[in-house]
Amino acid sequence: MLRYLTAGESHGSALLAILEGCPANLALSEDDINRDLERRQQGYARGERMQIEQDKVEIVSGVRNGKTIGSPIGLRVPNKSTEFFNKPFTQLRPGHADLAGAIKYNQKDVRNILERASARETAAKVAIGAIAKKLMSEFKINTFSKVVQIAGETDENNWKKAIDKTREEGDTLGGIVEVQVTGLPIGLGSHVHWDRRLDGWIAQAVMAIPAVKGVEIGAGFAVSVTPGSQLHDELFFNKGKGFFRKSNNAGGIEGGITNGEPVVVRAAVKPIATLKKPLKSVDLSSKKATEAFVERSDVSAVEPAAVVAEAAVAFELAKAFLEKFGGDSLEDIIASFKAYQSRKS
Ligand code: EPS
């Protein structure tokens, strides 16, 4: 089974990730991963931290002579900015993990919660997702993402204006991102049991990205107001194409299984909780009214969230792909995939 763990604090020495279950003989370089790390750092609403960091991965294990060898792949992304690591604070930030985390883990210094709750962790997730994407690209399965809107603005020029204004005001903004995966075979995931449904895996993975408050697949919440006659994607068949549809309201998944259409996932991302113009709050130590803690932050996490959601979805699809066609080497998987393709139609 494909699985991963991440470790590391936002201002600690580095972020770490281990990917276990990746087959042998996949060509993999640090550049394959660095491309996505660089994309995650981009964004008009990014703040000062991204001027400091230049995220670059070190592949510590699992790759030899440019190819995976089947052993766990260890990754390390060093942090350049570590100066806040020893700066304690107690003025809880509404919207962040501060209060719940400090109570749960019995911490007097909220820094012990902030450091791991920070969306900096998503650099490790993106590194893992880049490997999942590389594996799937061997089978012509490709993953894309985009920003759908920021603060309700669907036009890039308009959302940039909104970001400028919001930066001035010391406020933050949310929005919606979309991920699409093309080239998928019919048959990833399963209808037979709740914890094998692929839409369930995707929803969990995307909802677990910091700041995500809603996940939609295909028509999403619009299914509640669309009659069945307009919602369900009618089936067609011809010899060249095989089975096909003229619409994709199901978002590529029916009965928890890929149906051969692109998988389409959207996520609603809330505004970042650290505001330059702080909200009313309470001090964890004195219990007195205070303003929330202010630290350097971005105006919006929506642009990087698109790249992070892409990684999260790619990982879940690679996991489902290996469950269906899995083998210890890339050659075994290619043989299994070809055999399945040849009996499909
Ligand atoms: C982030 C690094 C962080 C923030 C942001 C994400 O750096 P710093 O806290 O040093 O400015 O820019 O953190 C959050 C959005 C958050 O919720 O904590 C990154 O690398 O993406």
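A polar contact here is a pair of N or O atoms within 3.5 Å, where one must be able to donate a hydrogen and the other to accept it. Keep that in mind for the first exercise, and remember that this is a predicted model.

**Exercise 1. Which backbone oxygen does the side chain of Thr-68 reach, and at what distance?**

Solution. Look for Pro-23: the Thr-68 side chain gets to its backbone oxygen at 2.7 Å. The cut-off for a polar contact is 3.5 Å. Now widen the view. Leaving out residues up to four places away in sequence, Thr-68 touches a set of residues including Cys-22, Pro-23, Ala-24, Gly-62 and Ile-73.

**Exercise 2. How many aromatic pairs are there, and what kind of pair do Tyr-4 and Phe-315 form?**

Solution. The count comes to 10 aromatic pairs. For Tyr-4 and Phe-315, the centres are 4.7 Å apart and the planes make an angle of 75°. Planes over 60 degrees apart count as edge-to-face, and that is the label this pair gets. Then see what the pair links: Tyr-4 belongs to strand 1 (residues 3-7) and Phe-315 to helix 9 (residues 302-325), so parts 311 residues apart in sequence are tied together.

**Exercise 3. Now take Phe-325 and Tyr-340: which helices do they lie in?**

Solution. First, the geometry: Phe-325 and Tyr-340 make an edge-to-face pair, 5.2 Å centre to centre with 65° between the planes. Phe-325 is in helix 9 and Tyr-340 is in helix 10 (residues 330-344), so this pair ties together parts 15 residues apart in sequence. Phe-325 is buried, with a relative accessible area of 1%, and Tyr-340 counts as buried too, at 13%. Last step: look around them. Phe-325 and Tyr-340 belong to one aromatic cluster with Phe-139, Phe-321 and Phe-337.

**Exercise 4. Which ring faces do Lys-241 and Lys-246 lie over?**

Solution. Take them one by one. Lys-241 lies over the face of Phe-244, 4.1 Å from the ring centre. Lys-246 lies over the face of Phe-236, at 4.2 Å from that ring's centre.

Key: Residues numbered from 1 in each chain as written. Predicted model: local features only at pLDDT ≥ 70, side-chain atom pairs only at ≥ 80, totals over all residues. Heavy atoms only, no water. Contact = heavy atoms within 4.5 Å. Phe/Tyr/Trp six-rings, centres within 6.5 Å; stacked < 30°, edge-to-face > 60°. Helix = DSSP H or I, 4+ residues; strand = E, 2+ residues; numbered from the N terminus. Buried < 20%, exposed > 50% of the residue type's maximum accessible area, 1.4 Å probe, protein only. Lys NZ or Arg CZ within 6 Å of the ring centre and 35° of its normal.
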